[in-house]
Every structure is written in structure tokens, then in C-alpha cells.
Amino acid sequence: MPPRRRFPATRSAAAAARYAKRRKRRLAAVDNDLTDEQWTALREAWAGCAYCRAADVPLQRDCIQPVSRGGRYTFENVVPACASCNASKHNGEVTTWMRRRKLDERAFLSRHASILAALRPRPKAEEA
Ligand SMILES: [Zn+2]
């Protein structure tokens, strides 16, 4: 006997396609300037999932401020996240989501700030 579905498969596929289309349009409309070098540096700095600290898992680019809420794929807005955190957070607001998951929001925010400060290229004037 085939497994019962709550909704017909075609309906959820159509909804997913609509969602993907909207997302694509939204992403094209904003500047997403995260470079591969920056992504590598971020992954190395966090050394695991930025939210739950899971290490040795595949990491995905997660927008702290979700794309649907105006976030962009930029150096300041992207952190590495495990598939579980990424899927769970989805379009949620990061602090609300972290509190709900009982994750250390304060530690995340301060670590994020210090990683950005460490990775951000220094202006030339400061080196002189
Ligand atoms: Zn995680």
C-alpha cells in the first residue's frame, strides 16, 4: 500500500516551484556579494555550525537575516549552518528562533561580531 499523503504531491511541488521562483527574483533584485574566499574564511573561522556548533558536518550558507526579510548573501549576513539548523530556522527571525531552540543567542552574536572584525580587511591607513 502506498504511503498516505496529507496533500497531493502535485500541489506541494507547485508550491515549491512558486516559492523558488519568488526567491530567485528576490535574490536577483539585491546585491549578493559574498565571494568564495569570504565563504571559505567564514567556514574556517566558525569551524562548524554557527548556531549549534556541530562540527564535521556539511555546512550550508545561511542568511542570518533571511532573504524573505530583506537579508542578502553578503559577508556580514552569511554564516555556516548545518542542514538541521538551516532547515529549522528557515524564514524565521534569528533571535526568536535561537531562543526557541534553546541555543546560546548571546554567544552567537558576540562570536559573529568578533569573527567579522577579525576577517574584515583592515583599511590601508591603519597599517602605516
Ligand atoms: Zn546547527
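This report describes the fold, a helix pair, the nonpolar core and selected loop residues of a predicted model.

## Basis of the model

The structure is a predicted model, in which local features need pLDDT of at least 70 and side-chain atom pairs count only at pLDDT 80 or more, while totals for chains, interfaces and linings use all residues. Residues are numbered from 1 along each chain as its sequence is written.

## Overall architecture

The protein chain contains six helices and two strands, where helices (H or I, at least four residues) and strands (E, at least two) are DSSP runs numbered from the N terminus. Read from the N terminus, the order of the elements is α-α-β-β-α-α-α-α.

The chain has 128 residues, of which 16% count as buried. A residue is buried if 20 or more other C-beta atoms lie within 10 Å of its own, exposed if 12 or fewer, and partly exposed in between, with C-beta atoms placed from the backbone. Contacts are defined by C-beta atoms, placed from the backbone, within 7 Å. Among contacts between residues at least 6 apart in sequence, 60% join residues at least 24 apart.

## Packing of α2 and α5

Two packed helices are described by the angle between their axes and the distance between the axes. For α2 and α5 (residues 105-119), the axes come within 11 Å and cross at roughly 130 degrees; axes are lines fitted to C-alpha atoms, for helices over the stretch in contact, and angles run from 0 to 180 degrees between N-to-C directions. The two helices are therefore oblique to each other, given that angles under 35 degrees count as roughly parallel, over 145 as roughly antiparallel, 65 to 115 as roughly perpendicular and the rest as oblique.

From α2, the residues A41, A45 and W46 make the contact, and from α5, I115, A118 and L119. These residues divide into six nonpolar, no polar and no charged; Ala, Val, Leu, Ile, Met, Phe, Trp, Tyr, Cys and Pro count as nonpolar, Asp, Glu, Lys and Arg as charged, and the others, Gly among them, as polar.

## The nonpolar core

A nonpolar core is a set of buried Ala, Val, Leu, Ile, Met, Phe, Trp, Tyr and Cys residues joined through C-beta atoms within 7 Å. The largest such core has 16 residues, and those with the most contacts inside it are C49, A50, Y51, V79, A81, C82 and C85. At least two residues each are supplied by α2, β1, β2 (78-82) and α4 (94-100). The strand β2 gives the most, with four residues.

Leaving aside residues up to four places away in sequence, V79 touches L42, W46, A50, D62, I64 and H112.

## Loop residues

A54 counts as partly exposed because it has 15 C-beta neighbours inside 10 Å. Residues up to four places away in sequence apart, A54 touches G48, C49 and C82. A47 has a positive phi of about 50 degrees although it is not a glycine, and A47 is exposed, with 12 other C-beta atoms within 10 Å.

H90, in the loop between α3 (83-89) and α4, also has a positive phi, near 45 degrees, and is not a glycine. H90 is exposed, with 11 other C-beta atoms within 10 Å. R69 lies in the loop between β1 and β2 and counts as exposed because it has 11 C-beta neighbours inside 10 Å. R69 and E93 are 24 residues apart along the chain, and 8.4 Å separates their C-alpha atoms.

Note on methods:
Contact = placed C-beta atoms within 7 Å.
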